[in-house]
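Let's take a friendly walk through a protein model. Have a look at it first, and then we will follow a few charged side chains and a ligand.

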Amino acid sequence: MRNQIVAGNWKMNNTTSETEKLLNELEKQTLNKSVKVYVAPAFTQLSQAVRQLEGTPIKVAAQNMNAAASGAHTGEISASMLQGVGVHTVILGHSERRSLYSETNDSLKDKVATALNAEMELIFCFGEELEQRKENNHFEVVRAQLAVLFELPEKAWDQIILAYEPVWAIGTGETASPEQAQEMHAFIRKEIEENYNSSLAEKVVILYGGSVKPSNAQEIFSMKDVDGGLIGGASLKASDFAAIVNAF
Ligand code: PEP
């Protein structure tokens, strides 16, 4: 059986005191033990979160990193810096990074390579925009975004978690229907099968992201090819995030 994963992407939210409070509240929640849980605070709160969550099963992920090992990249953070504070998972290719910070399939290829070489786990995000869905191009867009990964050796997939996040559903309150999510997740598995084999396709964890909340998580997670969620807004409230984790 594939891992079930729920990851909270805090985006640019939570100062030191807010982080402490949210994590304290989260630690008080009863969480389904069969679900792997991650939180992804801002860079400045990573070491604090790692320290506070020590001894709990909740893992800490970063929201981004640079492809370079070190050097003249003002304002950027490297894989070894993340690992130095105890972070071994990174979200790459989030739609906000793509749309607001000009990340492209090409630049992501380098980040993916760096993360893999550093033996980090990565949560790779991708998904179509509203216009692309309206024009019925969503499968082609996703295929092109995934092509970044399909040049990798099969072994690399041990470190990869996929997160399908239709851009039109992120932070909008509009969720893909469970059927739309299932349809795309099944397509993604088929793509993996065609580029590799069916046993890898069956193994890869594919999360859905886009306005998942306590009221819709169960329906979405019940879909056969949906293995969990990447949660933005609802991860900022401990009880909502816990309810999503417990929706399996
Ligand atoms: C996200 O940022 O990855 C996300 C899915 O956000 P939200 O849950 O707020 O739509």
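## A question to start

Is E191 buried or exposed? E191 is buried, with a relative accessible area of 4% (buried means under 20%, exposed over 50%, partly exposed in between, with a 1.4 Å probe and protein chains only).

## About the model

This is a predicted model, where local features need pLDDT of at least 70, side-chain atom pairs count only at pLDDT 80 or more, and totals for chains, interfaces and linings use all residues. Residues are numbered from 1 along each chain as its sequence is written, and side-chain values use heavy atoms, leaving out hydrogens and water.

## Salt bridges

E191 forms a salt bridge with R143 (3.1 Å, N to O); the term means a side-chain nitrogen of Lys or Arg within 4 Å of a carboxyl oxygen of Asp or Glu. The two residues are 48 apart in the chain, with E191 in helix α8 (residues 178-195) and R143 in helix α7 (helices are DSSP runs of H or I, at least four residues, numbered from the N terminus). R143 is partly exposed, at 32%, and its side chain also meets that of E140 at 2.5 Å.

D225 and R189 make another salt bridge, at 2.6 Å. Both D225 and R189 are buried, each with 4% relative accessibility.

## Around the ligand

Now for the ligand. A polar side-chain atom of K11 lies 2.6 Å from one of its oxygen atoms, and a backbone N or O atom of G171 is also 2.6 Å from a ligand oxygen.

Conventions: Polar contact = N/O pair within 3.5 Å; in protein donor to acceptor, adjacent residues only side chain to side chain.
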